[in-house]
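Here's a quick walk through one model, with stops at the ligand site, a few loops and a bit of surface. Have the viewer open as you read.

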Amino acid sequence: MAQTFPDHFLWGGATAANQLEGAYLEDGKGWSTADTALYMGKDARKTMSLGDKMTKDRVLQAMEDQSGHYPKRHGIDFYHRYEEDIALMAEMGFKTFRLSISWPRIFPNGDDVQPNEAGLAFYDRVFDTCLKYGIEPLVTISHYEFPLQLALKKNGWLSRDTIDYFVHYAETLFERYKDKVKYWLTFNEINIIGMTGYLSGGILADGIEHMLEAQYQAGHHQFVASALVVQKCHEIIPNAQIGCMLARMEAYPETCNPKDVLASVNADEMNFFYTDVQIRGEYPSYMQKFFAEHAIEIKFEPQDKDILKQGTVDFLSFSYYMSMVVGESQQEETNGNLFGSKVNPYLQASDWGWQIDPIGLRTTMKKMYQRYNVPLFIVENGLGAEDVVTDDQKIHDFYRIDYLRSHIEQIALAIEEGVEIMGYTPWGCIDLVSASTSEMSKRYGFIYVDLDDDGEGTLERLRKDSFYWYQKVIATNGADLS
Ligand code: BG6
């Protein structure tokens, strides 16, 4: 097979601090919103528990609660086991490792003037370990967690003050890690603040009458913060690249009924709004009507237009797990990553109802590259599934290999069709706590972690069959997917 993937293609895997690290109050770390996510049991699989409606009372109760199980407080203990975990990633041949930094590990209250040295030193050790193996860290500055004290004090991103705190946080990271980290992302899945208003936005529902407006206002503050941070990154680390991150929702029309086709175009607009602002540097005109219809008034400061224009990102990174179907019919919806969808009769779904669609990945890459003409980076993709450990400690996860293979095949075809792709980091390369349901039994990893939904287990790491398969994929630079 002729070489398709470029020599410098960044093969790797992706994680996030709040689902991985544990050690939630160790070495000076402050509380994060993720630390209040209670395990809701198997029923949560159907109901998304990202906690967009948290109130102050519920937060305070969670902080007091010693009896409930809060899996994100403990993660998979990466905080203490990062050396072993990164060594396993190196054994697979990773070129890059996507991880996030926990803001309250660096600034425990979010608005502190001085950073927590122990927190900074932890990430120094993590990056040094990566670099020792030739693995480039790809760092998300904010991934589904927010300093809890800042949520209580300022109502998170609803306050414009949060922009200053975030810029100070990011600047601190750039200064500290300028010789170690070349690839940065600002906000994970910035487009779903409507689902993660509390988790990533720190927004508490108390006293908010128009939640949709509050979420778009918070999103505006994130846009401004992102643009300022992009500029800081370029000033402090001239050889760095910094991208935005979108939860990409490819939405097919249910039929060729023009109304269904229009519905899919409209769905694209709601999704691409976020990348339009971060890549083109301005609000798209189509949002004006949406804002008017929903009585949303975004407070813009006079300088915001210029800030957005000057802080456009270098590349577009995105997560892709599934596609969706939109249309006029009353057909019942199935589950999905963050959003439900009508059933697509041409596709199979995962056990969680996410509709598996490798060709949709290619469609979406082509569409985004045509729209923006900037490099793309697939920073999340993968299959959440329950794994079985055999008596001889093996995990035969052929279903995961099938899923990943079919998606990588489509990436290769997209590259051949002229799309520029920087790399591929499948989600949860090591099993970790689920973002939406806080369970462990929904696993994505190449590396199995012995931990169950109740927090019981030895935490031993095991290599799944997919571990050896991905090792070969990387070693052949994507030429051998068998
Ligand atoms: C993405 C998030 O939307 O999906 C991750 O960025 C998350 O944090 C991943 O873990 C998979 O979702 P879940 O709910 O299965 O963990």
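Where is the place of aspartate 27? It's in the loop between helix H1 (17–20) and helix H2 (44–47). Keep in mind throughout that this is a predicted model.

Start with the backbone of aspartate 27. Its phi is near 50°, a positive value in a residue that isn't glycine. With a relative accessible area of 40%, aspartate 27 is partly exposed, because that label covers the range between 20% and 50%.

Aspartate 77 also has a positive phi without being a glycine, with a value near 65°. Look for aspartate 77 in the loop that runs between helix H4 (71–74) and helix H5 (78–92). Is aspartate 77 buried or exposed? Aspartate 77 is buried: its relative accessible area is 15%, and the cut-off for buried is under 20%.

## Around the ligand

Now for the ligand. There are 15 residues around it, and the ones that come nearest are Glu189, Ala435, Ser436, Lys442 and Tyr444. By type, the shell around the ligand splits into six nonpolar, six polar and three charged residues.

Lysine 442 has a polar side-chain atom 2.7 Å from a ligand oxygen. For serine 434, an N or O atom of the side chain is 3.2 Å from an oxygen atom of the ligand. As for cover, the ligand taken alone exposes 380 Å², and the protein buries 99% of that.

## A nonpolar patch on the surface

Over on the surface, Val261, Leu262 and Val265 form a nonpolar patch, and together they have about 230 Å² of accessible area.

Valine 261 belongs to helix H11, which covers residues 258–280. At 36% relative accessibility, valine 261 counts as partly exposed.

## One more loop

Last stop: glutamate 301, in the loop between helix H12 (286–293) and helix H13 (304–310). Its relative accessibility is 35%, so glutamate 301 counts as partly exposed.

How many residues apart in sequence are glutamate 301 and glycine 360? They're 59 residues apart in sequence, and the C-alpha to C-alpha distance between them is 39 Å.

Notes
Residues numbered from 1 in each chain as written. Predicted model: local features only at pLDDT ≥ 70, side-chain atom pairs only at ≥ 80, totals over all residues. Heavy atoms only, no water. Patch = residues over 30% accessible without salt bridge, like charges linked within 9 Å, V, L, I, M, F, W, Y side chains within 5 Å. Areas by Shrake-Rupley, 256 points an atom, 1.4 Å probe, with all protein chains shown as cover. Salt bridge = Lys/Arg side-chain N within 4 Å of Asp/Glu carboxyl O. Helix = DSSP H or I, 4+ residues; strand = E, 2+ residues; numbered from the N terminus. Buried < 20%, exposed > 50% of the residue type's maximum accessible area, 1.4 Å probe, protein only. Near = heavy atom within 4 Å. Polar contact = N/O pair within 3.5 Å; in protein donor to acceptor, adjacent residues only side chain to side chain. Nonpolar A, V, L, I, M, F, W, Y, C, P; charged D, E, K, R; others polar.
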